[in-house]
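Subject: Structure handover

Hello,

Here is the structure I promised to pass on. Please open it alongside this note.

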Amino acid sequence: MYLVTAESRQKGLWLERLIENHGDSLLRLCFLYLGNVATAQDAVQDTFLKAYRHYAQFRGDSAEKTWLMRIAINTCKNYMRSPWMRFIDRSVIPESLPEPTAYDADLTDDTVIKEIMRLPHKYKEVLLLYYYQEMKTSEVAQALGIPEATVSIRLKRAREKLKPHFEEWYYEEWESEGKNRCAFSGTYYGR
């Protein structure tokens with residue numbers, strides 16, 4: 001017989017809230033990492049199980065979302081290292097992406113996501129967290145376990161790598177200010 005304690009009931013309610021608040025964004029992140037919906041669902045489930053098991057270790061030094069993203073990223077990295085991943089078709093099909101957030105619901109084609117998925121892993125992960133998970137650079141740094149300055153540099157370099165692919169389509173020149181506006185992110189930055 002299993003005895004339900006107040007603490008286990010509290011953990012259960014906490015987990016339900018996490019799933020409700022962050023489940024969709026974690027699924028989207030895991031899918032973009034792993035390229036397969038079923039594998040992404042498994043990774044999300046593993047993420048929540050790990051969070052539940054380590055409930056007491058969450059100190060509150062970062063936001064819950066940041067903590068969960070870190071667990072999800074590490075879970076995805078572990079999945080990608082496993083030998084059976086070579087048997088999974090990991091090409092991203094935009095139609096199979098989990099429901100988009102309100103932020104990126106207006107994207108009408110898959111060009112941006114295809115180009116992001118072609119970037120080296122270190123650039124792809126900062127873009128996904130910063131733009132698609134709408135995390136601040138400090139939160140991205142905590143989630144990845146790297147300095148905030150490194151996040152900023154990787155974001156800048158990722159934008160530079162993407163710019164040639166979207167020069168005519170996604171970038172608007174601001175001649176008077178000498179700045180570019182990245183249309184898919186709304187970010188302004190100098191040359």
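This is a predicted model: local features need pLDDT of at least 70, side-chain atom pairs count only at pLDDT 80 or more; totals for chains, interfaces and linings use all residues.

E134 sits in the loop between α5 (121–132) and α6. Its phi is positive, about 55°, although E134 is not a glycine. Most residues other than glycine have a negative phi, so this one is worth a look. E134 has 49% relative accessibility and therefore counts as partly exposed; the exposed class begins over 50%.

Next, the helix itself. α6 covers residues 137–144. T137, V140, A141, A143 and L144 are buried in α6. They lie on the same side of α6, because they span an arc of only 165° around the axis. An α-helix has 3.6 residues a turn, so residues three or four places apart point the same way. What covers these buried residues of α6 includes α3 (64–81), α5 and α7.

Then the partner. α7 runs over residues 148–166. The axes of α6 and α7 are 8 Å apart, and the two helices pack at an angle of about 105°. That makes α6 and α7 roughly perpendicular to each other, since angles of 65 to 115 degrees count that way. On the α6 side, the contact involves T137, S138, V140 and A141. On the α7 side, E148, V151, S152 and L155 meet them. The residues of this contact are four nonpolar, three polar and one charged.

G145 follows α6 and has a positive phi, near 70°.

Best wishes

Conventions. Residues are numbered from 1 along each chain as its sequence is written. Side-chain values use heavy atoms; hydrogens and water are left out. Axes are lines fitted to C-alpha atoms, for helices over the stretch in contact, and angles run from 0 to 180 degrees between N-to-C directions. Helices (H or I, at least four residues) and strands (E, at least two) are DSSP runs, numbered from the N terminus. Angles under 35 degrees count as roughly parallel, over 145 as roughly antiparallel, 65 to 115 as roughly perpendicular and the rest as oblique. Contact means heavy atoms within 4.5 Å. Ala, Val, Leu, Ile, Met, Phe, Trp, Tyr, Cys and Pro count as nonpolar, Asp, Glu, Lys and Arg as charged, and the others, Gly among them, as polar. Buried means under 20% relative accessible area, exposed over 50%, partly exposed in between (1.4 Å probe, protein chains only). The arc is that of the directions from the helix axis to the C-beta atoms.
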